[in-house]
Amino acid sequence: MTGDRAELVVPGRSASLTPSRHFVRSHVGADVADDRAADIVLVASELVSNAIEHGSGGDITIRVERDDDTVELVVASMSPSLPMLRTEPAAADALRGRGLQIVATLSDAVAIEAAEGVVSVICHFAVGRTADDA
């Protein structure tokens, strides 16, 4: 992808969630429709939460890259194992197990990569211009 790119590294702690959400929202682009921007921020929040809970406790890298019609979101952290998207929905009374399903539903494409103990979840989002920009 070529375009605007920004990266933030945060500690793998719950206190990192709010600054992560603010960072993603500020780099998605003001011309992205509010509901689509909210989807991207929610996906980032889910991925950072997963990295905090399931990662090795080290830093988490969040990267947002934007071109005219696509946002790429990458969340990377040290992890002993790959995340797995469940094929069956979580039980209605389950308190957990929906994060990657939310990510897959809201993203246009999702890839999971691992190299040298670092797991990266890469999400792509088609973004259009708001009605004011048309």
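Charged side chains up close

A: Glu 116 counts as exposed, at 82% relative accessibility. On that scale, buried means under 20% relative accessible area, exposed means over 50%, and partly exposed is anything in between, using a 1.4 Å probe and protein chains only. Before going further, a word on the ground rules: this is a predicted model, where local features need pLDDT of at least 70 and side-chain atom pairs count only at pLDDT 80 or more, while totals for chains, interfaces and linings use all residues. Residues are numbered from 1 along each chain as its sequence is written, and side-chain values use heavy atoms, with hydrogens and water left out.

Back to Glu 116: you'll find it in the loop between β4 and β5 (118–126). Its phi is near 55°, which is a positive value in a residue other than glycine. Helices (H or I, at least four residues) and strands (E, at least two) are DSSP runs, numbered from the N terminus.

Now for the pairs. Searching the whole structure turns up five salt bridges, each being a side-chain nitrogen of Lys or Arg within 4 Å of a carboxyl oxygen of Asp or Glu.

Arg 36 and Asp 39 form a salt bridge, with their closest N and O atoms 3.7 Å apart. Both sit in helix α2 (residues 34–54), three residues apart, or about one turn of the helix. Arg 36 is buried, at a relative accessible area of 16%, whereas Asp 39 is partly exposed, at 23%.

Asp 108 counts as exposed because its relative accessibility is 52%.

Another of the salt bridges joins Glu 72 and Arg 63, whose closest N and O atoms are 3.0 Å apart. Here Glu 72 counts as buried, at 11% relative accessibility, and Arg 63 counts as buried too, at 18%.
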